[in-house]
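Have the sequence and the 3D view open, and follow along topic by topic.

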Amino acid sequence: MPLAVTSSCTLSGATGSSATNLYPVTATPDDAIDDTAAIQGRINVAGAAGGGVVKLSAGTFVINGKLRMASNVKLEGSGPTTVLKAGPTFMNNSGPAGGFPIVTTAGADNTTLTNFTADQSGDTLNGNVTGRLNEYMIDVRDSLNSLVQGVHTKNPLTYSIAFVGGSTWCVKDSSTESTTNGKYVELDGIHAMNTSNGDIVGNVVDQRKGTDGDDGIAIHTYGAEDVHDVRIANNDVRGGRHGAGIDLAGGSGVIYNIDLTGNTVWGSPRGLHDAYYDGTQQIHHIQIVGNTFRNNDIQTAGGAIDFERAVRYVTMTDNTACSSGGYNLPAGTGNVNLRNTLTATCGD
């Protein structure tokens with residue numbers, strides 16, 4: 001369940017769709033019949049009308065295709081009991097970027113995804129195919145003003161909730177979980193790549209219910225594109241066996257202006273970590289304030305926060321770590337390391 005905090009998209013100002021006209025989906029849930037065309041048809045009609053609310057009832061809707069949003073459209077369920085579930089032929093076709101999303105924005109602006117569960121069926125389908133990492137379960141791509149709120153994901157075969165390209169986005173009060181064992185790698189929870197002006201707030205991310213999970217929250221540059229101006233606040237995060245709770249993954253692009261405040265990272269291989277995959281550009285202007293690291297695996301220096309390479313203008317203050325190792329922030333221009341506490345065991 002979402003954390004008991006008020007989650008607000010204060011950095012991005014993302015509001016998503018402002019449309020109010022209703023376009024109810026009349027497909028019958030729980031009948032094992034493919035509902036892709038019925039839902040996509042209402043999205044298309046709402047988009048053609050300038051926007052609208054595509055409303056889903058409670059129940060399970062089978063998705064064998066790939067839902068594609070239109071601008072100014074809200075796709076709204078009736079809560080976690082509205083389930084968009086990948087069907088038995090889900091892997092037989094791909095989305096516009098060559099992957100396997102349950103839903104993608106694919107360049108649509110002013111969209112909202114809210115109040116439903118997405119189930120990619122990675123526990124029963126074979127997701128180890130070409131294109132698995134081309135698109136993601138909830139795929140916000142090359143879009144402006146995107147809101148994901150109250151969306152819960154399970155059984156991923158790729159990243160669960162991802163923002164790729166575009167700008168001005170927010171994911172709040174949502175959750176991810178990874179439960180498979182020995183089937184996949186690179187199962188990140190919430191992933192932001194080559195994008196800017198975003199909020200990741202008030203989410204519950206658990207990539208370690210099984211053994212396949214990777215980073216809980218990842219900020220990732222791929223190629224020469226930058227990632228910047230992202231706020232990560234008040235999230236409850238457990239990273240998977242293959243990753244960290246929160247990972248800043250640099251490439252040829254630069255990661256900067258990242259605010260990490262008030263998060264709890266627990267039970268992960270390590271807490272907050274930097275990594276470099278396709279380049280050596282520096283990470284800079286990172287604020288890490290008031291976070292809690294509990295019972296993470298690494299019990300030596302750097303288990304809670306570990307910058308392995310040179311960084312600059314990193315402010316690391318007022319964080320708390322217990323049973324998580326310590327803090328590693330190399331000396332560098334503008335770096336601040338103050339009032340961070342460390343205890344060998346957690347009090348409860």
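This is a predicted model: local features need pLDDT of at least 70, side-chain atom pairs count only at pLDDT 80 or more; totals for chains, interfaces and linings use all residues.

- The buried residues of α1 are Thr 36, Ile 39, Gln 40, Ile 43 and Ala 46.
- Viewed down the axis of α1, the buried residues stay within an arc of 125 degrees, so they line one face of the helix.
- As background, an α-helix has 3.6 residues a turn, so residues three or four places apart point the same way.
- Ala 37 and Ala 48 are exposed on the other side of α1.
- What do the buried residues of α1 pack against? Their partners are the strands β1 (22–24), β2 (52–55), β3 (59–63), β4 (67–68), β5 (73–76) and β6 (82–86).
- Just after α1 comes Gly 50, with a positive phi of about 95 degrees.

**Strand β18 and its neighbours**

- Strand β18 (residues 227–233) is largely enclosed by the rest of the structure, because six of its seven residues are buried.
- With strand β15 (residues 196–201), β18 pairs in the parallel sense over five bridges.
- Across from Arg 231 in β18 stands Asp 199.
- Strand β21 (residues 255–261) also runs parallel to β18, and six bridges join the two.
- His 228 has Tyr 256 of β21 opposite.

**Ser 175**

- Ser 175 belongs to strand β13 (residues 175–177).
- Its relative accessibility is 17%, so Ser 175 counts as buried, the cut-off being under 20%.
- Which side chain does the side chain of Ser 175 meet in a polar contact? The partner is His 152, at 2.8 Å.
- Beyond its neighbours within four places in sequence, Ser 175 is in contact with Val 151, His 152, Thr 153, Ile 161 and Val 204.

**Asn 319**

- Asn 319 sits in the loop between β27 (311–317) and β28 (320–322).
- Is Asn 319 buried or exposed? Asn 319 counts as buried because its relative accessibility is 0%.
- The side chain of Asn 319 reaches the backbone nitrogen of Gly 290 at 3.3 Å.
- Although Asn 340 is 21 residues apart from Asn 319 along the chain, their C-alpha atoms are separated by 4.7 Å.
- Not counting residues up to four places away in sequence, Asn 319 touches several others, including Ile 288, Phe 293, Ile 305, Tyr 327 and Arg 339.

Methods
Residues are numbered from 1 along each chain as its sequence is written. Side-chain values use heavy atoms; hydrogens and water are left out. Helices (H or I, at least four residues) and strands (E, at least two) are DSSP runs, numbered from the N terminus. Buried means under 20% relative accessible area, exposed over 50%, partly exposed in between (1.4 Å probe, protein chains only). A polar contact is a pair of N or O atoms within 3.5 Å; within protein, one must be able to donate a hydrogen and the other to accept it, and residues adjacent in sequence count only if both atoms are side-chain atoms. Contact means heavy atoms within 4.5 Å. The arc is that of the directions from the helix axis to the C-beta atoms. Two strands pair if DSSP finds at least two bridges between them.
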